[in-house]
Amino acid sequence: MYEYLLALALILLCTKLFGLITAKVHLPQVVGALIAGVILGPCGFGILEETDFLIKTSEIGVIMLMFIAGLDTDISELKKTGPAACLIATLGVIVPILGCGGAYFLFFEDKVEFNSLMKAAFIGVVFAATSVSITVETLNEMGKLKTKAGSTLLSAAIIDDIIGIVVLSIITGMGDSSVKPGIVVVKILLFFVFALVVGLIIYQIFKRIWKDHEETRRVSIWAMAFCFIMAYCAEKFFGVADITGAYFAGVILCNLTGMRKYVAKKVTVASYLIFSPIFFANIGLKTDIKGFSREILLFTLVLIVLAVVTKIIGCGVAAKICRMSNRDSVTVGFGMVARGEVALMVAQKGIDAGYIDQKLLPAIVLTVMCCALVTPILLKLSYRHDVPVKQ
């Protein structure tokens, strides 16, 4: 009856331990959390297995992560680099979807039909979004974060997350072949109208709340409640992924600068204290490397190459079209290679919807890890002839 307490303790201890180890070698702690899950799960020592408690808790973790991502969206930064960042983000989403989705189709599907195209689309969308934290950390370490390439990268990464989430909402809504595409599009448009109207009202309410109460716990509690309500409404009434609702809940509040920082700080503590480690560990628990066939191994290798190359080509070409220098264009392409939390969230949604086979999860996890590993190396190569900047 109380085994869930032991499971919770083991997950928190192991994810933190392996997170610290990966951080020591300049890798995201997400990688360590995934490894911890694999080791604890059936593929490792078999100490833990997926339970209803872990599934629901990890879903809360996903929602909180997306809410934080929305809060961290810098609208003013988007305005500065607008057109260039939009083009880079757009091609940075389209090319990986076509490349990675196409690879899945060639490996595992025999004929063109609705179901097979949906599966390929889900695999493609998994690798559409960039994990900006890895790129930011590397550029900051090299003193290149405030350069033209660095600023453009930050904005493009934010926009490609938004585009990726919108695409995810579309294919999630089209998950039922009996539902007409037109109805799906109308529902998604209605969701954005709903988000806009609710956003204008809630923004004014929270603006007043912050003025009257400022840094009191009730502010972060009400903000978190708003996040969960938006997530519920998105899924229940519009057929849009709950993480989309959570993300836009964060975006609605991101312009309230003082409040944004306070709420993000409080929610981040709660998220990374319990819910996020469980989400990442749960992904690891599902990753069954024992079922790795030769076909899946070959697919994984192809997927890793395509996940890297499609971002470099899509984003690099877009940067060049925007008249950035050759070196800056290459840097932008390299910086957009990193994948992380959003890719894993989309993969989880794909599994829940029945469009990503559980046996492909190891391929996805390994590709995410490799992208995280290779991005700092590529960025350092692009600046190898520069004189190091003292921090």
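# Briefing: contacts, cysteines and surface features

Cys322 counts as partly exposed, at 25% relative accessibility. The cut-offs are these: buried means under 20% relative accessible area, exposed means over 50%, and partly exposed lies in between (1.4 Å probe, protein chains only). This is a predicted model, in which local features need pLDDT of at least 70 and side-chain atom pairs count only at pLDDT 80 or more, while totals for chains, interfaces and linings use all residues. Residues are numbered from 1 along each chain as its sequence is written, and side-chain values use heavy atoms, with hydrogens and water left out. Helices are DSSP runs (H or I, at least four residues), numbered from the N terminus.

**Cysteines**

- The count of disulfides is zero, where a disulfide is a pair of cysteine sulfur atoms within 2.5 Å.
- Cys233 is in no disulfide, and its nearest cysteine sulfur, that of Cys227, is 12 Å away.
- Cys233 is buried, at 11% relative accessible area.

**Salt bridges**

- The structure holds seven salt bridges. Each is a side-chain nitrogen of Lys or Arg within 4 Å of a carboxyl oxygen of Asp or Glu.
- One of them joins Lys286 and Glu50, with the closest N and O atoms 3.2 Å apart. This pair links distant parts of the chain, 236 residues apart: Lys286 is in helix α12 (residues 257–286), and Glu50 is in the loop between α2 (29–40) and α3 (52–71).
- Lys286 counts as buried, at 11% relative accessibility. Glu50 is partly exposed, at 33%.
- Asp242 and Lys349 also meet through their side chains in a salt bridge, at 2.7 Å from N to O. Asp242 lies in helix α11 (residues 242–253) and Lys349 in helix α15 (residues 341–353), so the bridge ties together parts that are 107 residues apart in sequence.
- Both Asp242 and Lys349 are buried.
- Arg327 and Asp328 form a salt bridge too, at 4.0 Å from N to O. Arg327 is partly exposed, with a relative accessible area of 35%, whereas Asp328 counts as buried at 16%.
- Salt bridges with shared partners join Glu59, Asp242 and Lys349 into one network.

**Backbone at Arg323**

- Arg323 has a positive phi of about 65°, although it is not a glycine.
- Most residues other than glycine have a negative phi.
- Where does Arg323 sit? Its place is in the loop between α13 (294–321) and α14 (326–335).
- Arg323 is exposed, with a relative accessible area of 77%.

**Nonpolar surface patch**

- Val305, Val309, Ile313, Val317 and Ile321 make a nonpolar surface patch of about 410 Å².
- Patch residues have over 30% relative accessible area and no salt bridge, and nonpolar side chains (Val, Leu, Ile, Met, Phe, Trp, Tyr) are joined within 5 Å, like charges within 9 Å. Accessible areas come from the Shrake-Rupley method with a 1.4 Å probe, and for residues only the protein chains shown count as cover.
- Val305 lies in helix α13. Val305 is partly exposed, at 49% relative accessible area.

**Second largest pocket**

- The second largest pocket holds about 570 Å³ of space. Its lining has 30 residues, and the closest to its centre are Pro28, Gln29, Val30, Val31 and Tyr272.
- Which helices each supply at least two residues of this lining? They are α1 (3–24), α2, α7 (132–142), α12 and α16 (361–382).
- On a 1 Å grid over the protein atoms alone, a pocket is an open set of points where a 1.4 Å probe fits, with protein on both sides within 12 Å along at least five of seven lines; lining residues have an atom within 4 Å of a point. Grid points are joined across faces, edges and corners, and the volume is the space filled by probe spheres set on the points.

**Distances along and across the chain**

- Val125 is found in helix α6 (residues 114–126) and is buried, with a relative accessible area of 3%.
- Val125 and Val136 are eleven residues apart in sequence and 22 Å apart in space, C-alpha to C-alpha.
- Glu3 lies in helix α1 and counts as exposed, at 57% relative accessibility.
- Glu3 and Gly335 are 332 residues apart along the chain, and 42 Å separates their C-alpha atoms.
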